[in-house]
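Visitor: Hi! I'd like to get to know this structure a bit. Can you walk me through it?

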Amino acid sequence: MSNLLLFPIIIPFFFAIILMIFPKRLKLQRILAAAAAGVTVVSALFLLAKVDADGVQAVTLGSWPAPFGISMVSDPLSALLVVTSSLITLFVIFYSFPTIGVKREQSYYYPAVLFLMVGVNGAFTTGDIFNLFVFVEVLLMASYTLIVHGGEKPQLRESIKYLLVNIISSALFVAAVAFLYSVTGTLNMADLAVKIPQIEETGILTVIAVMFLVVFGFKAAIFPLYFWLPGSYYSPPIPILALFGALLTKVGVYAIMRTYTLFFTMNISFTHELLGIIAILTILAGCVGALAYFDVKKIIIYNIIIAVGVILFGIAQLNQPGVDGSIYYLLHDMLIKAALFFLVGIVAVLFGTTDLRKMGGLIKTYPVLGWTYLVAAFGLAGIPPLSGFPGKLLIVQGGFEGPQFWGSIVILATSLIVLLSAVRIFIYAFWGEPVETVPLKKSVFNQMFIPTVILVAITVVFGVGAELFMPFISGAGEVLLNPSIYIDAVLKE
Amino acid sequence: MRTNDVMLQTATKVVTFIILMFAVHIFFAGHYTPGGGFVGGLLTTSAIVLLMLAFDLETVKKILPINYVSMTAVGLLLALATAAASIIFDVPFFTHAYDYYDLPLFGNTSLHSALLFDVGVYLVVVGVTMTIIQTIGEDG
């Protein structure tokens, strides 16, 4: 029993409530929002240290015995994800100060961001599949607020699409949970992992597993359920886009990761092969999008979809390098996507447009920005020693060891397309004839650039110091591959 | 254009209080039987909405000068604090405490910390539904 694992959920919740009381006090809103995220990061780091030292942490709410109460479980994977997502939220809050606009800041922007953090951290921590639904709803509610926040015309148009897709997938989620309950009689994930292998009729369970893949696939934006993502993510302002791009789809990816390693392992030859094929199709679909657009935001948005495919392909292999690689790549992708959105946000502000064809020559006026972007772009494509490389290497290795070796070849080939799509922004925006830029105060530029450059530096450290982080990653992978560790931690408290 | 709604207004003056009493009854009934903060909150809201229909938004705002967003926040805070109190006693989150007391008039009564949580839920439900209804009502 340890309440520590609840702190990354309770702290932002508490601060969000406090911030709701005085929406107009700009300075206090900013300070408290940053403090909330900062304290959350610290508590998440404590949690990670504890999980690393004492093994998987679990607490069942309300002092109920484990399969009956709602269990919250923090294994290395969830602790790592909580740390990363809290860190990104902190940077998004700093990046919001100069970019989001006073009007938005005074209409519950920071409470919404913190509530999103509650939902994301909760979804990563919960050990109960229905509670996962609840936390996903919490983060969706917050995301509905953020996507319409400001009420511009494109935002309103896209939010209807976003709402519809998510309400339909939530309804499916509840239906799938009900099916699972009627077959197994439990919703506790650890208990599910015990009960599912005892059920002999795997046919119905395979159907349920595919239903869950569809549900989480909507959230994670896999092929062909990603159709809502490019439009919906395009409409809100950059800080919100960075938050969504870095965190929201990753909750879906995490849910697939958890369910497909912990308990939906009764018919691997069907479910995981399906997952692998879908993952490859997702990568290909994302590549087409990433090359097709001349819009900086759209290019990075399609790169989210590519990354989702890469991560899921590693999970589908269900072997040690594949799973380790997926975890590494997941963490890398959250950080690098936030950094890239920050960078293209600055570029878009400087040119006053997101159209690549109207940009050029920024390297002469803002050289540091240019080189930072190049580092981030190389990191995204996975050029050694940057952070995309170790994860992708392990995933490719996992693919070659597994049955879907052709998938690894696709991933290697598409890495070049990812590189091309990211470098295209560099070529168009930073090279070429200088185009007149919007005058920007030095202090405002620095306020935007400093959080960005720190985030890029973190990704570089994460890549160069891969050896340093590998024990955490392989620890997380070990729990995923040996469900008994997870089960014992929850059921044998 | 205002129509003559003397009947509605007169009835509302009585009915509102009946609904509010019933809301309190349902709220406490929720302790062991169906009911509780959520339903009680909805009933309270329905009483206030009835007032709004019979009179108008401005009058009701004058009668109940409440910032419903702050009310939601206070409710959330109360609920969170009740649940988080278990952290101080080093038991799992959400563990509630209860005991039996001999109270005058009520006799042997069980008092739960869960009641405070339910008060929080009640405030959140009233706050949120009133915010929604007021926002939609003002736009029209």
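Guide: Happy to! One term to start with: two residues are in contact if their C-beta atoms, placed from the backbone, lie within 7 Å. In chain A, residues 24 or more positions apart account for 80% of the contacts with a separation of 6 or more. Keep in mind that this is a predicted model.

Visitor: Good to know. What does the model score on ipTM and pTM?

Guide: The ipTM is 0.90 and the pTM is 0.93. For chain B, the mean pLDDT is 87, with 96% of its residues at 70 or more.

Visitor: What is chain A built from?

Guide: Chain A has 21 helices and two strands. Its C-alpha trace spans about 70 × 55 × 45 Å along the principal axes.

Visitor: How does its radius of gyration sit with that of a compact globule?

Guide: A compact globule of 493 residues would have a radius of gyration near 23 Å, and chain A has 21 Å, so the two agree. Also, 59% of the residues of chain A count as buried.

Visitor: Which residues touch the most other members of the largest nonpolar core?

Guide: Those are A:V113, A:L114, A:L312 and A:A338, in a core of 215 residues. Helix α14 of chain A, residues 320-351, gives the most to this core, with 20 residues.

Visitor: Pick one of those. What is A:L312 in contact with?

Guide: Setting aside neighbours within four places in sequence, A:L312 is in contact with A:I222, A:V253, A:I256, A:L275 and A:A279.

Visitor: Now A:A376. Is it buried or exposed?

Guide: A:A376 is buried, because it has 28 other C-beta atoms within 10 Å and the cut-off for buried is 20 or more. This residue lies in helix α16 of chain A, residues 367-381. Beyond four places in sequence, its contacts are A:I336, A:A339, A:L340, A:L343 and A:V456.

Visitor: How many residues of chain A are in contact with chain B?

Guide: 14 residues of chain A are in contact with 14 residues of chain B. On the chain A side, α1(A) gives the largest share, six residues. By class, that side has ten nonpolar, four polar and no charged residues.

Visitor: And in chain B, how do strands β1(B) and β2(B) pair?

Guide: They pair in the antiparallel sense over six bridges. B:Y101 stands opposite B:T109 in β2(B). The hairpin has three residues between the strands, and B:L105 takes a positive phi near 75° there.

Visitor: How many residues of β1(B) are buried?

Guide: Zero of its six residues, so to speak: strand β1(B), residues 98-103, is hardly covered.

Conventions
Residues are numbered from 1 along each chain as its sequence is written. Chains are lettered from A and ligands numbered from 1 in the order in which they are written. This is a predicted model: local features need pLDDT of at least 70, side-chain atom pairs count only at pLDDT 80 or more; totals for chains, interfaces and linings use all residues. A nonpolar core is a set of buried Ala, Val, Leu, Ile, Met, Phe, Trp, Tyr and Cys residues joined through C-beta atoms within 7 Å. A residue is buried if 20 or more other C-beta atoms lie within 10 Å of its own, exposed if 12 or fewer, and partly exposed in between; C-beta atoms are placed from the backbone. Helices (H or I, at least four residues) and strands (E, at least two) are DSSP runs, numbered from the N terminus. pLDDT is the predictor's confidence in each residue, from 0 to 100. Ala, Val, Leu, Ile, Met, Phe, Trp, Tyr, Cys and Pro count as nonpolar, Asp, Glu, Lys and Arg as charged, and the others, Gly among them, as polar. The radius of gyration is taken over C-alpha atoms; the globule rule is 2.2 Å times the number of residues to the power 0.38. Two strands pair if DSSP finds at least two bridges between them.
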